[in-house]
Amino acid sequence: MLGSSISGGRTNVRVVVVGDRATGKSSLITAAATETFPEEVPPVLPPTRLPADLYPDNVPVTIIDTSSSLESRGKVAEELKRADAVVLTYACDQPSTLNRLTTFWLYEFRRLEIKVPVIVVGCKLDKRDEEHHMNLEQVMAPIMQQFREIETCIECSAANLVQVPEVFYYAQKAVLHPTAPLFDHETQALKPRCVRALKRIFILCDHDMDDALNDEELNEFQIKCFNAPLQPAEIVGVKRVVQEKLPQGVNDMGLTLTGFLFLHALFIEKGRLETTWTVLRKFGYNDEIKLKDDYLSIPFKKAPDQSLELTSEAVEFLKGVFSTFDTDKDGVLRNSELDDLFSTAPESPWGESPYKDAVERTPLGGLSLSAFLSEWALMTLLEPAQSLANLIYIGYNCGAASALRLTRRRSVDRKKQQTDRNVYQCFVFGPKGSGKSALLKSLLGRPFSENYAATTDEHYAVNVVDRLGGTKRTLVLGEIPEDEVKMLLSNKESLASCDVAVFVYDSSDEYSLKRASELLMTVARRGEISGFMMPCLFVAAKDDLDSYPMAIKDSAKICQSFGIEAPIHISVKERDLNSVFNRIVTAAEHPHISVPETEVGRSQKRYRHLVNRSLMFTSVVAAVAVVGLAAYRSYAARKNTSS
């Protein structure tokens with residue numbers, strides 16, 4: 001597997017050279033740029049550019065010299081923060097400068113939070129005498145163990161032009177083909193994300209799906225990545241190297257995944273990182289070993305009140321994936337099966353909030369097909385690019401246009417009095433302790449719990465709701481903590497993504513009802529101002545508790561004043577949900593009904609209606625006047641003619 005590497009799209013590498021006074025920084029830079037040793041150099045050189053064709057990657061290197069004086073410390077720090085790589089120098093004939101690497105410089109980099117590769121360079125190799133002779137590897141090994149940011153160490157002589165170009169080659173290479181994302185020096189193994197990416201590449205190249213790359217598949221892989229075929233003898237040689245070190249790396253069908261991974265670990269150990277990076281970049285990966293943005297571009301211009309959903313084609317693909325990885329065919333993906341499914345993605349996408357606890361799970365933590373598709377629906381709604389990326393990671397070969405569909409604008413839905421969506425997002429508002437979280441849990445079929453914990457972060461619940469006639473719709477409930485309502489509404493487009501708003505209150509608590517009505521007023525008014533109105537429902541939770549005397553009358557009056565449906569009474573504790581989720585979906589399906597109006601909104605509506613009537617009347621009067629004037633002129637003209 002030989003060939004030229006690619007640079008990952010970089011057009012320049014900025015290398016900053018630092019070190020103690022008189023360690024040879026400026027002489028090193030001058031020798032690299034001119035291939036001559038300078039007899040005299042200025043204290044600090046201006047920025048020096050090495051041409052693109054000097055190194056195989058064809059990317060120019062800009063070298064920044066720095067001063068070692070105390071008064072220049074601030075400027076050095078600024079340059080370090082702009083660096084792509086750092087060359088840290090010591091003088092081979094001055095052991096004290098070597099000690100300064102660990103007593104000052106490397107700790108200074110950490111203090112400044114410099115997170116770029118460091119190349120440690122021993123200059124003035126020609127001046128080292130026998131007294132100061134040392135084994136570089138033995139000296140630097142413990143230092144590199146302590147400071148993992150050190151990419152490599154090298155000694156050079158600017159006077160004799162020994163290993164001078166190599167210094168900046170290693171610096172450039174550390175930037176263009178970094179070690180850290182690929183390999184863990186401590187465990188001497190490929191990092192998990194690298195393994196996952198290489199496994200996906202292996203599967204993509206295994207066209208006959210026999211879990212091995214035969215000679216033809218190996219050759220196609222070589223041509224794709226390096227634009228040159230492998231000779232039969234080279235293929236035999238590659239497999240022999242693997243088989244000698246790792247017998248299970250090759251079988252009768254060809255190179256196995258184990259062997260494929262072993263080869264890449266071997267390349268990296270031998271310093272040939274550009275080989276693995278070329279493979280990764282040819283298959284669309286960036287420096288973080290994730291698919292590049294241009295692989296994930298979504299060809300839709302989305303308005304704030306539009307959403308993206310999976311197409312039926314993508315859903316059918318996911319059903320097939322579910323069936324494939326449900327190895328025991330019990331209709332449930334266990335955690336181990338889910339891990340296997342996402343083993344070609346950078347990581348499992350549902351391990352953290354907001355996806356971790358968002359769907360219904362079996363007692364052992366598995367996912368049914370319905371829950372599996374619900375997770376995908378939620379991810380597509382919240383992070384469509386992330387959803388597309390994970391579809392591609394697990395084997396979806398078509399583009400965004402076949403995986404995602406753009407829904408119609410909600411403003412159009414209101415005019416047409418119907419919607420074309422399959423996934424509805426509902427914001428759940430309410431005061432603390434009103435029962436919002438219990439409502440979300442009940443959507444997931446979870447039992448009621450007396451333990452109360454206020455929600456402080458993003459919290460979603462998503463499930464499929466069965467409709468009359470056998471149709472299914474996906475309902476996403478997003479809980480909005482009371483303390484975050486003001487922040488949410490400070491964004492004028494915050495309600496654009498909301499199909500329905502639900503306001504939950506504790507039916508036994510008069511204050512809870514009052515606060516819920518205030519929240520309804522605030523949200524309704526923001527909807528009127530922004531133009532992103534939506535149906536709203538009032539939900540009287542904790543119906544198993546005794547309500548206060550005027551509760552039913554007060555809540556009905558509030559709903560009537562806003563022009564929305566009467567409250568829906570539920571008791572999560574007694575599992576009496578009064579078809580609340582079906583009623584939320586019904587409201588979403590009819591976006592023109594139960595849209596609240598505030599008194600201010602009504603006044604403005606009446607004013608606009610009055611203005612429109614006045615304008616219409618004025619237009620009619622003007623039209624009559626024009627017609628009358630025209631008739632008079634016609635009459636006058638006929639009269640003059642007859643005279």
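User: What's the lining of the largest pocket like, by class?

Analyst: By class, that lining has 17 nonpolar, seven polar and 15 charged residues. Here Ala, Val, Leu, Ile, Met, Phe, Trp, Tyr, Cys and Pro count as nonpolar, Asp, Glu, Lys and Arg as charged, and the others, Gly among them, as polar. Keep in mind this is a predicted model: local features need pLDDT of at least 70, side-chain atom pairs count only at pLDDT 80 or more, and totals for chains, interfaces and linings use all residues. Residues are numbered from 1 along each chain as its sequence is written, and side-chain values use heavy atoms, with hydrogens and water left out.

User: How much space lies in the largest pocket, and which residues are closest to its centre?

Analyst: About 1,300 Å³. Of the 39 lining residues, Ile150, Glu151, Thr152, Thr179 and His185 are the closest to the centre. On a 1 Å grid over the protein atoms alone, a pocket is an open set of points with protein on both sides within 12 Å along at least five of seven lines, while a cavity is a set where a 1.4 Å probe fits but cannot get out; lining residues have an atom within 4 Å of a point. Points are joined across faces, edges and corners, and the volume is the space filled by probe spheres set on them.

User: Which elements give two or more residues to that lining?

Analyst: Helix H4 (136-146), strand S6 (150-155), helix H5 (164-176), strand S7 (183-184) and helix H9 (257-269). H4 gives the largest share, six residues. Helices (H or I, at least four residues) and strands (E, at least two) are DSSP runs, numbered from the N terminus.

User: OK, and cavities? How many of 30 Å³ or more?

Analyst: The count comes to one. The largest cavity holds about 90 Å³ of space. It has 13 lining residues, and Arg410, Asp499, Pro535, Ala588 and Pro591 are the closest to its centre. Helix H16 (residues 410-416) supplies the largest share of the lining, three residues. By class, the lining divides into seven nonpolar, one polar and five charged residues.

User: Switching to Glu589. Buried or exposed?

Analyst: Glu589 counts as buried, because its relative accessibility is 18% and buried means under 20% relative accessible area (exposed is over 50%, partly exposed in between, with a 1.4 Å probe and protein chains only). Glu589 is found in helix H21 (residues 580-589).

User: What is Glu589 in contact with?

Analyst: Leaving aside neighbours within four places in sequence, Glu589 is in contact with Gln417, Gln418, Thr419, Tyr424, Arg467 and Arg473. Contact means heavy atoms within 4.5 Å.

User: Helix packing next. At what angle do H1 and H5 pack?

Analyst: Helix H1 (residues 25-34) and H5 pack at about 95°, with axes 8 Å apart. Axes are lines fitted to C-alpha atoms, for helices over the stretch in contact, and angles run from 0 to 180 degrees between N-to-C directions. H1 and H5 are therefore roughly perpendicular. Angles under 35 degrees count as roughly parallel, over 145 as roughly antiparallel, 65 to 115 as roughly perpendicular and the rest as oblique.

User: Which residues make the contact?

Analyst: Leu28, Ile29, Ala31 and Ala32 of H1, with Val164, Val167 and Phe168 of H5. By class, that contact has seven nonpolar, no polar and no charged residues.

User: And how do H9 and H10 pack?

Analyst: H9 and helix H10 (residues 273-282) pack at about 135°, with axes 7 Å apart, so they are oblique to each other. The contact is made by His264, Phe267 and Ile268 of H9 and Leu273, Thr275, Thr276 and Val279 of H10. By class, it has four nonpolar, three polar and no charged residues.

User: Where's the cis peptide bond?

Analyst: It joins Ser353 and Pro354, with omega about 5°. Pro354 is in the loop between helix H12 (335-341) and strand S13 (367-368).

User: What about phi of Asn578?

Analyst: Asn578 has a positive phi of about 55° although it is not a glycine. Asn578 is in the loop between strand S20 (568-569) and H21, and is partly exposed, with a relative accessible area of 35%. Lys124, also a residue other than glycine, has a positive phi near 60°, and is in the loop between strand S5 (118-123) and H4.
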